[in-house]
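Here's a quick briefing to read with the model open.

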Amino acid sequence: MNQDQLKKALSKLPLGAVKYFDSIGSTNNEALAWATNDARDLSLVIADEQTAGRGRLDRKWFTPRGTALAFSLILHPSAEENAHLTRIVGLAVLAIVDALQVRSLVAEIKWPNDILLNGRKVAGILVESVWSGEEVDYVVIGVGINVLKGAVPPEDLLQFPATSLEESLGPAVEREELLRDILAGIISLRPLLGTDSFIASWEKVLAFRGEQVQIEEANGSFTLGKLLGLESDGSLRLSDEQSNSITVRFGDVRLRPHR
């Protein structure tokens with residue numbers, strides 16, 4: 001990653017501060033540590049390579065040097081934003097979808113945190129918090145995007161089919177410009193976090209909407225139902241075979257297998 005181009009691309013954004021690493025274990029770990037030392041709002045950690053990247057449920061995130069966009073953005077939520085913390089992942093969701101749309105790509109969100117292109121995972125989001133007593137003091141939004149084909153793990157390591165931007169756009173994607181567009185999107189969407197229009201926009205990009213899905217929970221159990229949309233807190237809304245409403249707050253979505 002070209003640091004001069006990176007500095008130029010981000011120069012007009014109101015970021016708190018930027019830490020760049022040629023290689024790091026995890027950008028989220030660095031951002032969480034920075035947050036505990038009073039990082040400014042909208043401070044950014046970005047790396048060309050992650051050697052211990054993390055996804056949800058402590059899954060490994062594959063980030064070889066020079067192939068992906070891996071960054072973590074630190075937010076210091078206002079009192080109003082603290083009332084809508086469960087929507088924070090939606091900021092990254094919509095900003096990534098919008099940035100890809102500018103590049104003529106139609107992306108969807110596999111709730112809660114995976115970005116899909118043509119049904120294959122191209123990006124993941126990990127949101128973590130730093131608490132002060134009973135209040136959230138900082139939120140870290142970690143993002144990993146497969147830019148080049150080399151960022152896609154071998155098939156035997158995949159838990160879901162994956163792809164890269166290179167497969168859709170060729171190798172000419174500039175990571176610095178993509179990062180700028182995503183960060184600008186998060187910043188512009190942030191004032192809308194508590195609005196109904198924010199949830200409506202998020203709902204529109206849900207993958208599998210109107211289809212029968214199964215939600216795998218952390219304990220290995222499954223919830224089955226038709227995916228209807230989102231609740232006001234960003235939880236998933238389903239209906240079962242008796243048309244009863246089901247709210248799902250944690251889990252991984254997959255299309256329900258045909259019987």
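Helix α4 (residues 88–102) and helix α7 (residues 196–204) cross in a left-handed way, meaning the near helix is turned anticlockwise from the far one by less than a right angle (clockwise would be right-handed). This is a predicted model, where local features need pLDDT of at least 70 and side-chain atom pairs 80 or more, while totals for chains, interfaces and linings use all residues. Residues are numbered from 1 along each chain as its sequence is written, and side-chain values use heavy atoms, with hydrogens and water left out.

**α4 against α7**
- The two axes sit 10 Å apart at an angle of about 55 degrees; axes are lines fitted to C-alpha atoms over the stretch in contact, and angles run from 0 to 180 degrees between N-to-C directions.
- That makes α4 oblique to α7 (under 35 degrees is roughly parallel, over 145 roughly antiparallel, 65 to 115 roughly perpendicular, and the rest oblique).
- On the α4 side, Val89, Gly90, Leu91, Val93 and Leu94 make the contact, and α7 brings Phe198, Ser201 and Trp202 (contact means heavy atoms within 4.5 Å).
- By type, the residues of this α4–α7 contact are 6 nonpolar, 2 polar and no charged (Ala, Val, Leu, Ile, Met, Phe, Trp, Tyr, Cys and Pro are nonpolar; Asp, Glu, Lys and Arg charged; the others, Gly among them, polar).
- Helices here are DSSP runs of H or I with at least four residues, strands are E runs of at least two, and both are numbered from the N terminus.

**α1 against α6**
- Helix α1 (residues 3–10) packs on helix α6 (residues 175–189) at about 25 degrees, with axes 9 Å apart.
- That makes α1 roughly parallel to α6, and α1 passes α6 in a right-handed crossing.
- Gln5, Leu6, Ala9 and Leu10 of α1 meet Glu176, Leu179, Arg180 and Leu183 of α6.
- This α1–α6 contact splits into 5 nonpolar, 1 polar and 2 charged residues.

- Most residues other than glycine have a negative phi, and most peptide bonds are trans.
- Trp111 and Pro112 are joined by a cis peptide bond, with omega about 5 degrees.
- You'll find Pro112 in the loop between β6 (107–110) and β7 (114–117).
- Phe208 has a positive phi, near 70 degrees, though it isn't a glycine.
- Look for Phe208 in the loop between α7 and β10 (212–216).
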